[in-house]
Amino acid sequence: MSEQLRLMAVHAHPDDESSKGAATMAKYVSEGVDVLVATCTGGERGSILNPKLQGDAYIEANIHEVRRKEMDEAREILGVKQAWLGFVDSGLPEGDPLPPLPEGCFALLDVDEAAGALVKLIREFRPHVVTTYDENGGYPHPDHIMTHKISMVAFDAAGDPNRYPEAGPAWQPLKLYYNQGFNRPRTKALHEAMLERGLESPYGEWLKRWDEIQRVERELTTYVPCGEFFEIRDKALIAHATQIDPDGGWFRVPMDVQRAVWPTEEYELARSHVDTTLPEDDLFAGIRDN
């Protein structure tokens, strides 16, 4: 198709875009695709996960501002556009029983009302493809689950001129995908490759934990080859300095092993208004030539 292709990636917090599908986005940017990250919350209730920055009084007092600056840096590294939907981070409740979520947070909003902001952004940007999380959120953070909910409503409603008429002229995205980069086949393949090379794998506990909870694996429909953009992915992730330890498990699998064993990022096709043949190697399969 002669029109510029457009991709929207909907994420819960700043840093999610760099840990889920970042190499895919960098690949498409390099091909001239217009890519927009929609970030639902500011991450203001997120913990400081990098042990080197824990206890920093300035960061603790200004976490929202710090995370916004981290997002700015990651956006530049990936070459994408980015928009804030303006919702308030719900935090990750811990304890037994779990404490109630804070009043006014993203996860407690009315789904249809909250989806309006995403409908407006979709109609303004006019993406052909949208990526988001599955109904489990990828992992059960309340903001990830809410991101799934508003994405599903917005994907269907954006093309209906009778819904959210105040949000601008209708636009129907053609495909909707769930990020499924954290999948068992990939994790198992990298784990075994590390052991075969006499290296310590960071994934042994992951696999054991998945076995214990009998995690149900999702259907992987789309494998986007993007190994040459893994360094950009890692650089963008490290830009979120409060959220990632550069010496942690995320970066323990050597780049040559990753490229040799699993040079793709994976997705689950959830909705499509075009014909396509599975498995795919392109989020725009069925769109480029239509």
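Author: The largest cavity is lined by L7, A9, H11, K20, G21, T24, M25, T131, N179, Y267 and L283. A cavity here is a set of points, on a 1 Å grid over the protein atoms alone, where a 1.4 Å probe fits but cannot get out, and lining residues have an atom within 4 Å of a point. The model is predicted: local features need pLDDT of at least 70 and side-chain atom pairs count only at pLDDT 80 or more, while totals for chains, interfaces and linings use all residues. Residues are numbered from 1 along each chain as its sequence is written, and side-chain values use heavy atoms, with hydrogens and water left out.

The space in this cavity is about 40 Å³, and the count of cavities of 30 Å³ or more comes to one. Such a volume is the space filled by probe spheres set on the points, which are joined across faces, edges and corners. The lining comprises five nonpolar residues, five polar and one charged. In this division Ala, Val, Leu, Ile, Met, Phe, Trp, Tyr, Cys and Pro are nonpolar, Asp, Glu, Lys and Arg are charged, and the others, Gly among them, are polar.

Strand β1 gives the largest share of the lining, three residues; both β1 and α2 (22–30) supply at least two. These elements are DSSP runs numbered from the N terminus, helices being H or I of at least four residues and strands E of at least two.

A nonpolar core is a set of buried Ala, Val, Leu, Ile, Met, Phe, Trp, Tyr and Cys residues joined through side-chain atoms within 4.5 Å; buried means under 20% relative accessible area, exposed over 50% and partly exposed in between, with a 1.4 Å probe and protein chains only. Leaving aside residues up to four places away in sequence, L118 touches M8, V10, A38, L85, I150, S151 and A154, where contact means heavy atoms within 4.5 Å.

D15 is not a glycine, yet its phi is positive, about 110 degrees. With a relative accessible area of 15%, D15 is buried.

Definitions and conventions: 1 Å grid on protein atoms, 1.4 Å probe; cavity = no way out; pocket = protein on both sides within 12 Å on 5 of 7 lines; lining within 4 Å.
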